[in-house]
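Please look over the sequence and the model below. Some notes on it follow, as numbered points.

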Amino acid sequence: AFYDPLTSLPNRRLLLDRLQQQLSASARTGMHGALIFIDLDEFKKINDTLGHGTGDRLLIEVAQRLRAGVREADTVARLGGDEFIVMLDDLGRGTDEATTKAAAIGMKLRESLQRPYKLDAHRVSCTPSMGLTTFSGHEVSADELIHVLGLQLACPDESLRPVREVECGLECPWIDRDPTDGLFLLHQFV
């Protein structure tokens, strides 16, 4: 049971395994990676008004667009509901280089996901909320990376977002406080 039955994407369990492997590889090579957390803004409304079948078809289409927008070696996973994570590895030896590459991929994914979806007789628009974090080595566990990223993205008021520097022992700079571009670096793990 490592794959989501609806989208055929890796599930949380397989993502955590792959992320742990990537953290180990990153510790050996010094290469940075990134996670992009994606939450569909209007999914519940679409699911409730057009039916669960249409909602399922939307999730399948989102999964296909995400897979098409990344390299074959990258991982696209469905956490559940309308939440997805893209894991990008080998983005560069420096945080700035990894962040720049991950942000470019994130914006490309956002553009793809914002295009309307034709689902049966319906033309549906569904925008994503997206957050991004970079990582390198074992300074943070796989669970912690995903947990903090999800918490940060879920909190609409950035002044209330849980910055967990004390628990993680990490410095967590806010890079982009303007959510209007739809992709913001929430946490930077180095």
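**Notes on the model**

1. The accessible surface of the protein is about 9,100 Å², and 51% of that belongs to carbon and sulfur atoms. Accessible areas come from the Shrake-Rupley method with a 1.4 Å probe. Of the 190 residues, 52% are buried, meaning under 20% relative accessible area.

2. This is a predicted model, in which local features need pLDDT of at least 70 and side-chain atom pairs count only at pLDDT 80 or more, while totals for chains, interfaces and linings use all residues. Residues are numbered from 1 along each chain, and side-chain values use heavy atoms, leaving out hydrogens and water.

3. The protein averages a pLDDT (the predictor's confidence in each residue, from 0 to 100) of 82, and 79% of the residues score at least 70. Confidence is highest in helix α3, at a mean of 97, and lowest in α6 (residues 165–168), at 30. Over residues 157–190 the pLDDT is below 50.

4. The protein has 6 helices and 7 strands. These are DSSP runs numbered from the N terminus: helices are H or I with at least four residues, strands E with at least two.

5. Helix α2 (residues 43–50) packs against α3 (residues 52–68) at about 140°, with the axes 6 Å apart. The axes are lines fitted to C-alpha atoms over the stretch in contact, and angles between N-to-C directions run from 0 to 180 degrees.

6. Which residues of α2 meet α3? They are F43, I46, N47 and L50, and they meet H52, T54, G55, L58 and L59.

Note on methods. Buried means under 20% relative accessible area, exposed over 50%, partly exposed in between (1.4 Å probe, protein chains only). Contact means heavy atoms within 4.5 Å.
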